[in-house]
Amino acid sequence: MNITIQYLKDNDKILGVVVSGILSKMPTLQEKAQLEAKITNHIFDSIFPGKLLHLYRDYYSDGVSICALLDINSIPQTKGNI
């Protein structure tokens, strides 16, 4: 599996990262869970070692990706109506 890493930034401050797996075939649910666990370990071990992170994944997609946010309370917010 190859991965892509996209850093989420605001004014050059890193807010988090999205790490996605690039696969040659659609994974089974078990393979998806195993690959996401590997990505999660990579995030904790290599990208943000020793940091407290908020992790998000899409359970209902066949894609393999993890979004990890640093200090979620410091992310700039905008107000609006839905």
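This is a predicted model: local features need pLDDT of at least 70, side-chain atom pairs count only at pLDDT 80 or more; totals for chains, interfaces and linings use all residues.
**Notebook: the helix and its sheet**

Started with α1: I looked up what covers its buried residues, and the cover includes β1, β2, β3 and β4. Contact here means heavy atoms within 4.5 Å. Buried means under 20% relative accessible area, exposed over 50%, and partly exposed in between (1.4 Å probe, protein chains only). Helices (H or I, at least four residues) and strands (E, at least two) are DSSP runs, numbered from the N terminus.

Residues are numbered from 1 along each chain as its sequence is written, and side-chain values use heavy atoms, with hydrogens and water left out.

**Overall layout**

I counted one helix and four strands, and along the sequence they read β-β-α-β-β. The C-alpha trace spans about 40 × 35 × 20 Å along its principal axes. Of the 82 residues, 26% count as buried. I also checked contacts between residues at least 6 apart in sequence: 46% of them join residues at least 24 apart.

**The helix**

Next I listed the buried residues of α1: Lys32, Leu35, Glu36, Ile39, Thr40, Ile43 and Ile47. They cover an arc of only 145° around the axis, which puts them on the same side of α1. That arc is taken from the directions from the helix axis to the C-beta atoms. An α-helix has 3.6 residues a turn, so residues three or four places apart point the same way. On the face turned away from the buried side I found the exposed residues Gln30, Lys38 and Asp45.

At 3% relative accessibility, Glu36 counts as buried. Leaving out residues up to four places away in sequence, Glu36 touches Arg57, Gly63, Val64, Ser65 and Ile66.

**The core**

Which residues make up the largest nonpolar core? I got twelve: Val17, Val19, Leu35, Ile39, Ile43, Ile47, Phe48, Leu53, Val64, Ile66, Ala68 and Leu70. Two or more of them come from each of β2 (13–22), α1 (29–47) and β4 (65–70), and α1 gives the largest share, four residues. A nonpolar core is a set of buried Ala, Val, Leu, Ile, Met, Phe, Trp, Tyr and Cys residues joined through side-chain atoms within 4.5 Å.

**The sheet**

The four strands form an open sheet in the order β1-β2-β4-β3, with antiparallel pairing. β1 (2–10) and β3 (53–56) stand at the edges with a single partner strand each, so one side of each has no neighbour in the sheet. Two strands pair if DSSP finds at least two bridges between them; I noted nine joining β1 to β2.

Last, Ile3, which sits in β1 and stands opposite Gly21 in β2. Not counting residues up to four places away in sequence, Ile3 touches Val19, Ser20, Gly21 and His42.
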